[in-house]
Amino acid sequence: MAFQRIPETPVSAGIPQATKNQVRLVFRGVAVVPALVSAGICLGAIQSGFFIFFFLVPLGFMAYGYNFRSAWVSALMVVGGNGIGFLVLSGPAAYPWLNMLYFTVMVLVFTWIVAPPGTFSHFSKGGGILSWSTAYRLIIGSVIGALTCWYIIDATWDTEGFKTLLRSQTELFRSLAISAAGTDVVQRSLWEQQGYPETLIAQLGVVALRGGGLAACGAAFFINRQLSLVCVGLIRRIRVGTSMSHFHTAPGLIWVLSLSLLGVLVGTSMGIGPLELGAWNMVTICAILYLAQGGGIVLHVLSRMNLPPFIRVGLNMLLIILICSPQINLFALGALGILGIAEHWVSFRAPKSDGSSSTPGM
């Protein structure tokens with residue numbers, strides 16, 4: 001079958017039909033050239049320094065700017081190209097397959113989060129995992145990503161190369177934290193006296209096992225997703241509808257959170273390590289879900305304001321800055337989580353109608 005130029009209609013939920021002059025080189029529903037370019041940018045970001053934190057953005061761009069088939073083709077190109085690159089360039093380096101494992105898992109999981117086949121095909125009619133909401137896919141993806149990272153760390157912890165890399169990264173983080181402290185004498189002195197790499201590594205291990213790893217993966221997926229939406233709006237001029245504004249947690253989640261907090265207290269006081277670790281990770285999962293619900297409330301309010309596109313882009317960037325700024329993110333995210341919890345009793349997104357139920361999820 002030969003290539004043909006046909007008008008492309010993005011099939012992602014909430015994306016309007018493209019105009020007749022918006023055409024792309026398409027082969028069986030796949031935007032081939034954009035998929036190739038996206039895969040190339042993704043691979044370049046993986047090999048870069050700072051931009052490696054945003055290497056998933058091109059895949060989200062393909063999902064929201066084109067369709068799920070194009071996103072998956074681009075993802076498979078990245079997986080294949082990255083595998084070949086590691087085999088050719090790494091040579092006799094230790095554990096090259098662990099690097100391939102990490103990037104393969106992150107690429108495939110993120111692509112499933114932003115472009116689940118069930119959302120755009122007949123599979124969604126039967127329900128199941130393919131049609132779960134974005135927030136639940138984000139949770140599952142974060143768990144898979146955290147488990148993968150824990151396995152890789154466990155497999156390489158005793159190697160000198162990994163310890164050297166970890167020490168250099170923690171030293172970089174320490175220097176950045178000291179610089180960010182600025183004129184705050186107390187905070188600057190604290191980092192200078194106690195922020196040694198060995199101390200930071202020990203603290204990192206404690207936090208990572210108690211929900212920190214899961215939260216870090218969730219934040220990475222969420223930030224890349226939001227940047228993808230920003231890029232789609234700026235480059236393709238497409239306003240992508242998002243199911244997050246309609247997301248509601250299950251009413252019983254508040255009891256799961258309560259029992260998890262009780263598990264943390266019991267596990268800590270009685271020295272039951274597995275109970276404490278499991279409870280902390282369950283608390284993290286509940287917190288992410290309530291953050292998603294709180295974010296859904298904010299998105300719902302903003303969608304009713306009919307804001308100009310540049311303000312929407314600015315709000316997305318502000319949200320990313322809030323997540324990445326230690327000085328203010330705890331307060332902002334805490335307020336967002338409390339807002340999500342409060343919707344169990346006050347429905348902030350109830351339709352304007354007489355006598356409608358205010359119970360969330362009903």
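Predicted model: local features only at pLDDT ≥ 70, side-chain atom pairs only at ≥ 80, totals over all residues.
Residues are numbered from 1 along each chain as its sequence is written, and side-chain values use heavy atoms, with hydrogens and water left out.

**The whole chain**

The protein chain has 12 helices and three strands. Helices (H or I, at least four residues) and strands (E, at least two) are DSSP runs, numbered from the N terminus. Of its 362 residues, 40% count as buried; that means under 20% relative accessible area, using a 1.4 Å probe and protein chains only. Among contacts (heavy atoms within 4.5 Å) with a separation of 6 or more, 72% are between residues 24 or more positions apart.

**Two helix pairs**

Two packed helices are described by the angle between their axes and the distance between the axes. Axes are lines fitted to C-alpha atoms, for helices over the stretch in contact, and angles run from 0 to 180 degrees between N-to-C directions.

| Helix pair | Angle | Axis distance |
|---|---|---|
| Helix 1 (residues 32–47) and helix 2 (residues 57–65) | about 160° | 8 Å |
| Helix 5 and helix 10 (residues 273–303) | about 145° | 10 Å |

Helix 5 crosses helix 10 in a right-handed way, meaning that the near helix is turned clockwise from the far one by less than a right angle. On the helix 5 side, the contact includes Tyr 136, Ile 139 and Trp 150, and helix 10 brings residues including Ile 285 and Leu 289. Sorted by class, this contact has nine nonpolar, one polar and no charged residues. Ala, Val, Leu, Ile, Met, Phe, Trp, Tyr, Cys and Pro count as nonpolar, Asp, Glu, Lys and Arg as charged, and the others, Gly among them, as polar.

Over at helix 1, Pro 34, Ala 35, Ser 38, Ile 41 and Cys 42 meet Pro 58, Leu 59 and Met 62 of helix 2.

**Two buried threonines**

Thr 134 sits in helix 5 (residues 134–156) and is buried, with a relative accessible area of 7%. Its side chain makes a polar contact with the side chain of Arg 137 at 3.2 Å. Such a contact is a pair of N or O atoms within 3.5 Å; within protein, one must be able to donate a hydrogen and the other to accept it, and residues adjacent in sequence count only if both atoms are side-chain atoms.

Thr 249 lies in the loop between helix 8 (197–236) and helix 9 (253–270), and is buried at 4%. Its C-alpha atom is 6.7 Å from that of Gln 293, 44 residues apart along the chain.

Conventions:
Buried < 20%, exposed > 50% of the residue type's maximum accessible area, 1.4 Å probe, protein only.
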